[in-house]
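Keep the sequence and the 3D view open while you go.

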Amino acid sequence: MRSTVKFVGVLCAVLVASALLGGCSTDDSSLDNTFSCSGGGTTLRCISSTQYCEQAYSAGVATGARCLALPSGCSGNPCDNCLAMGTNGIIQCSSIAVGSTRATTVNVRN
């Protein structure tokens with residue numbers, strides 16, 4: 001009887017450990033092409049290469065964030081052409097390319 005209880009206990013422990021390890025190693029490929037966009041207590045996931053993150057700033061504090069579609073015809077580094085500083089309230093633009101994806105964030109005045 002004791003050996004059966006021990007066996008069941010060990011089996012349960014192995015199953016729980018397998019489930020936990022499996023959960024940790026899950027590859028969520030849907031997040032591979034997104035980047036974080038935060039501001040005003042909100043965190044969003046923007047789609048790399050087709051969206052940019054617009055962060056609204058007031059007195060040096062991010063007060064809001066939203067994901068917007070990159071303007072049509074925007075190619076290469078968007079900060080060099082279609083999202084240039086000084087246009088549409090943009091006070092800062094940064095764009096980072098990683099492989100075939102690009103994460104672009106602009107800061108605007110509130």
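**Exercise 1.** Find in which sense β5 and β6 pair, and over how many bridges.

*Solution.* Start with the terms: strands are DSSP runs of E with at least two residues, numbered from the N terminus, and two strands pair if DSSP finds at least two bridges between them. Now look at β6, residues 101-109: its pairing with β5 is antiparallel and runs over eight bridges. Next, check who faces whom: A97 lies opposite R102 of β6, and V98 lies opposite T101 of β6. Finally, look at the turn: two residues separate β5 and β6 in this hairpin, and G99 there has a positive phi of about 65 degrees.

This is a predicted model, where local features need pLDDT of at least 70, side-chain atom pairs count only at pLDDT 80 or more, and totals for chains, interfaces and linings use all residues. Residues are numbered from 1 along each chain as its sequence is written, and side-chain values use heavy atoms, leaving out hydrogens and water.

**Exercise 2.** Is V98 buried or exposed?

*Solution.* Begin by placing V98 in strand β5. Its relative accessible area is 57%, which makes V98 exposed (buried is under 20%, exposed over 50%, partly exposed in between, with a 1.4 Å probe and protein chains only).

Definitions and conventions:
Helix = DSSP H or I, 4+ residues; strand = E, 2+ residues; numbered from the N terminus.
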